[in-house]
Amino acid sequence: YSFMQLLFAPLWGRLSDQIGRKPILIIGISGLAFSFFLMAIADSLFMLFVARILGGTLSAANMPTAMAYVADITTEENRSKGMGIVGAATGLGFIFGPAVGGVFSDISFTLPFYISALSSLITCILVIFVLKESLPEEKRKLKGSGPTPSRWNAFKGTTAILFILQFFISVSLAGLEATYAYFAAEQAGLQSKHIGYIFMLMGLGSAIVQGGVMGPLAKKFGEGKIIQAGIIVSAIGFSLILFTDSFATAAIFLTIFGVGNGVIRPAISALLTKTSTEGHGNITGLLSSFDSLGRIIGPPLGGLIFSLHIFLPYISGVILSLFALLLFQVYRVRLRNIENS
């Protein structure tokens, strides 16, 4: 699923720059609905693979196009607030989704997939009949008006650092998500239901900060300060996780990490759409691709170093966070040099 998103997110984002956001959202959400339906009726491992490949390919359109839509309808001053609201909505989905799936899986293992398909279908209907197109035809980068620029144009120059920074943040987060249940069970004797509550609290804290606090902070301090603060808080959270010894400490430390980590991607998205001359869809699609690459590499890497010592995924998370902070300092210096010249 993540590999398909790695490949196709930039393509969908770029296509949304050419034909508009609304058609791409309709394709992505309806494709997600169809993939959930396939999972519900799957009677073999092959069908499950087909469903996940199809779902990853088509749903790769959703997040970059949604972020591009936000970039279209917000001013630069309110860009971070808009991106934060999208991040908060995503976080709330990750809070309530597992709970809904858990409740209905007690009735039938296939029922959560039918419910997911239905909710996606309802969302698609809302997009068709309620959502207005955000990209007027005169602003679209239509084919046939000259040589087609490479989708990697957005990766050129100083902005490339922000994509690499997002990759490191995604690797560290995915490594934590893949190993934390085993770590908490070993360090604090927590069961799977406790882990679910802890991740729920983490997601809630992250959603509150993204949806309610990020906009005013970005207006006052700018996206650069938000990114730096997010990385520093994430590193502190990784460090504190090493001292987990109870449900309370696990919930507090992971929430601290989640609050810091949660603001980074929306702030990077806002900063990229402000500073790059490429289409918003191309930018957000490429960013989603780097995020997916991190989510591909993070779990096996986290599992590997966890097998060497249970502290290593979180120590490496601190190291990656500090490296990301260093990368951002390099970005700021280069940007300052460009402005001065």
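Visitor: In which helix is Ser 289 found?
Guide: This is a predicted model, in which local features need pLDDT of at least 70 and side-chain atom pairs count only at pLDDT 80 or more, while totals for chains, interfaces and linings use all residues. Residues are numbered from 1 along each chain as its sequence is written, and side-chain values use heavy atoms, with hydrogens and water left out. Helices (H or I, at least four residues) and strands (E, at least two) are DSSP runs numbered from the N terminus. On that numbering, the helix in which Ser 289 is found is α12.

Visitor: Is Ser 289 buried or exposed, and which residues is it in contact with, leaving aside neighbours within four places in sequence?
Guide: Relative accessible area decides the first part, with buried meaning under 20%, exposed over 50% and partly exposed in between (1.4 Å probe, protein chains only); Ser 289, at 7%, is therefore buried. Contact means heavy atoms within 4.5 Å. Once neighbours within four places in sequence are left aside, the residues in contact with Ser 289 are Gln 5, Leu 6, Ala 9 and Pro 10.

Visitor: Which residues do salt bridges that share partners join into one network?
Guide: Asp 291 also forms a salt bridge with Arg 295, the closest N and O atoms being 3.7 Å apart. Being 4 residues apart in helix α12, these two are separated by about one helical turn, and Arg 295, at 32% relative accessibility, counts as partly exposed. Through shared partners, one network joins Glu 177, Arg 265, Asp 291 and Arg 295.

Visitor: How far apart in sequence are the parts tied together by Glu 223 and Lys 274?
Guide: The side chains of Glu 223 and Lys 274 meet in a salt bridge (2.8 Å, N to O). Glu 223 is buried, with a relative accessible area of 7%, whereas Lys 274 is partly exposed, at 23%. Glu 223 lies in helix α9 and Lys 274 in helix α11, so the parts tied together are apart in sequence by 51 residues.

Visitor: What kind of aromatic pair do Phe 163 and Phe 290 form?
Guide: Rings of Phe, Tyr and Trp (its six-membered ring) pair if their centres lie within 6.5 Å, and planes under 30 degrees apart count as stacked, over 60 as edge-to-face and the rest as tilted; by this rule the count comes to 11 aromatic pairs. Phe 163 in helix α7 and Phe 290 in helix α12 are 127 residues apart, so that this pair links distant parts of the chain, and both residues are buried. With centres 5.6 Å apart and planes at 35°, the pair is tilted.

Visitor: Which residues are linked by ring pairs into a cluster?
Guide: Tyr 180 and Phe 199 form an edge-to-face pair, 5.8 Å centre to centre with 85° between the planes. Tyr 180 lies in helix α7 and Phe 199 in helix α8, so the pair ties together parts that are 19 residues apart in sequence. Tyr 180 is buried, with a relative accessible area of 0%, whereas Phe 199 is partly exposed, at 25%. The cluster linked by ring pairs consists of Tyr 180, Phe 183, Phe 199, Phe 311 and Tyr 314.

Visitor: How far apart are the end C-alpha atoms of helix α5?
Guide: Helix α5 covers residues 79–105, and its buried residues include Gly 82, Gly 84, Gly 87, Gly 91 and Gly 101. What covers the buried residues includes α4, α6, α8, α9, α11 and α12. The expected span of a helix is 1.5 Å times one less than its number of residues. For the 27 residues of α5 that span should be 39 Å, which agrees with the end C-alpha atoms, which are apart by 39 Å.

Terms used
Salt bridge = Lys/Arg side-chain N within 4 Å of Asp/Glu carboxyl O.
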